[in-house]
Each structure stands twice: as C-alpha cells, then as structure tokens.
Amino acid sequence: MFAQRLKNLKPYKPGEQPKDREYIKLNANENPYLPSPKIKDALKDIELQKLALYPDPDSHELKKAIAKSLNKTGGVLVPAADQKPLGFEITEDMIFCGNGSDEVLSFVFYAFFDSDKPLVSPEFSYSFYPVYAGYYGINLLKVPLNADFTLDTKAMLTIDSTGMIFANPNAPTGMALSVDEIEAMLKAYPKDKVFVVDEAYTDFSGYTVLPLLKKYENLLVIRTFSKSMSFAGMRLGFAVGAPALIQALTTTKNSFNHFPTDAFCQASAIAACSDIEWYSENCRKIIKTRDAFSKALVDSGWNVLPSKTNFVLVSKDGMPGKAVYEAIKAKGILVRYFDIDVIRDFVRITIGTDEQMEKLLEIIRTI
Ligand code: PMP
C-alpha cells in the first residue's frame, strides 16, 4: 500500500504546540508583535469573487511590492551604519515567491543540487536542510563548526561540491558571518555552482548580502516574511537572485504547484510591504529586548552565544538543555532544546515582548 520511498523519510519536527494549558510560546522564533493594521484594511476590501478565482500564479504585484520595499530599505529593516547600499535596483525578475521559505528551499534543493557531488552545509544550521537532502536523494556533507560555534569556512570551501547552503545569521546558534567573510567565500567558490545564503533572520542582524548579487550571479538569497514581518501563519518566503536562477525555480514550481501563494497571502503581503516602518519599529524593539535579555542572563551566570537574530542559544553549566526546558515549561513558558550532541546542553529561546522576557527571567533565576 505504501511506496518504498516513504520508509526513508525523516520529517522535520517544528516547535511543539501543546494544548494542555496556555503557554507563552518562545519556541518557534515567531514575532510577538502584530502585523501591520494595513493588512486588515486590505483583506476587508478583497472581493469575495477573488476567492473563487485562481490567484496570479507568479505573484507579479507581490514581487513588485517586495522589490520596492527592498530597494527602499536597502535590503534590511534596521540597517547597521556600515551596511553597504544595494548599489543596484532589485527587479521583479530577480524574485521568486513561495509558500513559506521552507517551500522555496524545497524548490532550491530540487533545481540546483545534483547527487553526484556532496552539498555542503555547516553541521549545525537549519534542520530542514538534511530533511530536503534526504527527500531528494542529495548527499549532504555537514562540516563541523569551529569550537567557538563559528562556521569553518575554510573546510567548507575545500570540498568539491554540487552547491553550498547555510543560514546567516545561523540557526540555532544565532551567530553571523560578516558580509565580507561571505564575499571571501564567494570569491573562492566555483561560479557555476549555486551558493545559497538563507537570510531568515537577517533583519535582526543589521546586515544583508543582497548587495553582493550585483557581482555574483551564482548567489541566491532566501528570505522569509515569517520572522521580522510577523507572518508565520500566512506563509510567505522568497528568493532573490539572478533572473536565470529565478527562472529555474519557476520551472520547478510549475512542475509541482502553480499557485503557492494564495489570493489572501498576496493581498496581505502587498499591504505589509507598504508599511515597512511598522516592521522596522517592531524589529528595533526585538533587538533591544534581545540585547537586554542576553545581558541579564550573562549577569545571572548563564552562557549566551552572541545573537544577531530574534532568539538566543543559552546554557547553564552542569544542567542539560532538556532539564532547563522542562523546568521552564512547568512554569508555563515553552522554549526549545535539541537532542543532539554538542548543543545538548543548550536551549533556544525566542525573543518575545519585554514583559514575556521579564517573566522568563524570574523563572530562570530560580533554576
Ligand atoms: N530558514 C531558517 C534558517 C529558519 O529558521 C526557518 C524557520 N523555521 C525557515 C527558513 C523557514 O521559515 P518559513 O518557512 O516560515 O518561511
């Protein structure tokens, strides 16, 4: 009854959503702030007839809105003072939209990575990469991190690979390579292999590699609306890259599902893109809360990796991550622990509102 290939699937496990009581959810890197009120207006005006008709399969208006907002901000919601300007205009044909960046990543794995050579990724990065590699029969070669949790870029570049993928800032460490470090990797990497940087959390870091697209046509940048745009429930991710790469993703999409972004999603995201200031402000708040929370934890004797994201990876000496997770869960807050060597002692905590983090700190001080 079941296909042979089903036995080999090892599905991704998202953050838990228990229903036994009300929890403060700090386990899925969701944004604690509401999306722009302009979305409500846009949805109020949507004609019911639109729901009876197929949406635009290529999300033209949405791509234009995303391009406009990236050009306006320079590619990052709260840019650091030394973030370089884009230096070129992002156009609609450089953008591909999908049902969450998870789906965009699935098309990326299908379109660009063969199975004759390994796909290179850091040992710890987004845990969906090994799932897609398994799904498509791609040999994923995970390169161990340095002892300080930075990427071993030298080792990653010595491998004769079919492609390269990592998250920057990385997950679950929260740490980031600089744009210059990534450019040095691109310089050393073959121009005929796709080099993917997953910038799911980049808006919390101050930096983006988008300006490098002008020079490197094999660079593909993956972004999501889920984190900095408070859109995890609606599902929208996108890729930015050279038109030839975008065309390959479109061919892949049209061989699987013509309409990954529905009419509601397109209308809401266009409205969101027209209110970038709203999201920049929320992002600023999260960065401020993250830095204050990290400092408070360090002051309480915890180990905190320097985060450029909306989460922190933390540990307490002598206490396994699972025990920390359980102690916090018992008090009504969900965080995430990993049943994996090297990071077994850590928990990953999403940055919520100041009040939520204050509550968590009170609990943590009793552990
Ligand atoms: N990339 C990274 C690094 C992530 O942590 C996540 C969130 N789990 C995603 C991509 C996927 O995000 P989404 O599918 O919600 O766009």
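At 1% relative accessibility, Asn 29 counts as buried, because buried means under 20% relative accessible area. This residue belongs to a predicted model, and Asn 29 lies in the loop that runs between strand β1 (24–25) and helix α1 (38–44).

**Around Asn 29**

- The side chain of Asn 29 makes a polar contact with the side chain of Tyr 201, at a distance of 3.0 Å.
- When neighbours within four places in sequence are left aside, Asn 29 is in contact with Tyr 201, Lys 227, Asn 310, Phe 311, Arg 348 and Thr 350.

**Two domains**

- The domain assignment of the protein chain gives domain 1, made of residues 4–34 + 277–364, and domain 2, made of residues 38–276.
- The centres of domain 1 and domain 2, taken over C-alpha atoms, are separated by 23 Å, and the contact between these domains takes 34 residues from domain 1 and 31 residues from domain 2.

**Nonpolar cores**

- The largest nonpolar core has 87 residues, and those with the most contacts inside this core are Ile 90, Phe 166, Phe 195, Leu 219, Phe 225, Phe 293 and Ile 349.
- Helix α10 (residues 276–299) supplies the largest share of this core, namely eight residues.
- Because domain 1 (4–34 + 277–364) and domain 2 (38–276) both give residues to this core, the core lies between them.
- Leu 219, which is among the residues with the most contacts inside the largest core, is in contact with Leu 186, Phe 195, Val 197, Val 209, Leu 212, Leu 213, Val 240, Gly 241 and Leu 245, once its neighbours within four places in sequence are left aside.
- There is also a second, separate core of 28 residues, which includes Leu 105, Tyr 129, Ala 167 and Ile 246.

**The sheet of seven strands**

- An open sheet of seven strands has the order β2-β8-β7-β6-β5-β3-β4, and its pairing is mixed.
- Strands β2 (95–98) and β4 (140–143) are the edge strands of this sheet, and each of them pairs on one side only.
- From one strand to the next, the twist of this sheet averages 20 degrees.
- Strand β7 (residues 219–224) pairs with strand β8 (residues 237–241) in the antiparallel sense over five bridges, and Val 221 stands opposite Val 240 in β8.
- Helix α3 lies across β2, β7 and β8, and α3 runs at about 120 degrees to β2.

**The sheet of four strands**

- Four strands form an open sheet in the order β9-β10-β13-β12, with antiparallel pairing.
- Strands β9 (303–304) and β12 (336–337) stand at the edges with a single partner strand each, so one side of each is left without a neighbour in the sheet.
- Strand β10 (residues 311–315) and strand β13 (residues 346–350) pair in the antiparallel sense over five bridges, and the bridge partner of Leu 313 in β13 is Arg 348.
- Helix α10 packs on this sheet, where α10 touches β9, β10 and β13, and the direction of α10 makes about 5 degrees with that of β10.
- Arg 348, the bridge partner of Leu 313, is also one of the residues in contact with Asn 29.

**Ser 69 in helix α3**

- Ser 69 is found in helix α3 (residues 60–73), and Ser 69 counts as buried because its relative accessibility is 10%, where buried means under 20%.
- The side chain of Ser 69 reaches the backbone oxygen of Ile 66 at 3.0 Å.
- Not counting residues up to four places away in sequence, Ser 69 touches Cys 273 and Ile 276.
- Ser 69 and Ile 90 are 21 residues apart along the chain, and their C-alpha atoms are separated by 9.7 Å.

**Leu 51 in helix α2**

- Leu 51 has its place in helix α2 (residues 48–52), and Leu 51 is partly exposed, with a relative accessible area of 46%.
- Leaving aside neighbours within four places in sequence, Leu 51 is in contact with Ala 263 and Phe 264.
- Although Leu 51 and Phe 264 are 213 residues apart along the chain, their C-alpha atoms are separated by 8.2 Å.

Notes. Residues numbered from 1 in each chain as written. Predicted model: local features only at pLDDT ≥ 70, side-chain atom pairs only at ≥ 80, totals over all residues. Heavy atoms only, no water. Core = buried A, V, L, I, M, F, W, Y, C linked by side-chain atoms within 4.5 Å. Buried < 20%, exposed > 50% of the residue type's maximum accessible area, 1.4 Å probe, protein only. Helix = DSSP H or I, 4+ residues; strand = E, 2+ residues; numbered from the N terminus. Domains from an automatic or database assignment. Contact = heavy atoms within 4.5 Å. Polar contact = N/O pair within 3.5 Å; in protein donor to acceptor, adjacent residues only side chain to side chain. Pairing = 2+ DSSP bridges. Axes fitted to C-alpha atoms, helices over the stretch in contact; angles between N-to-C directions.
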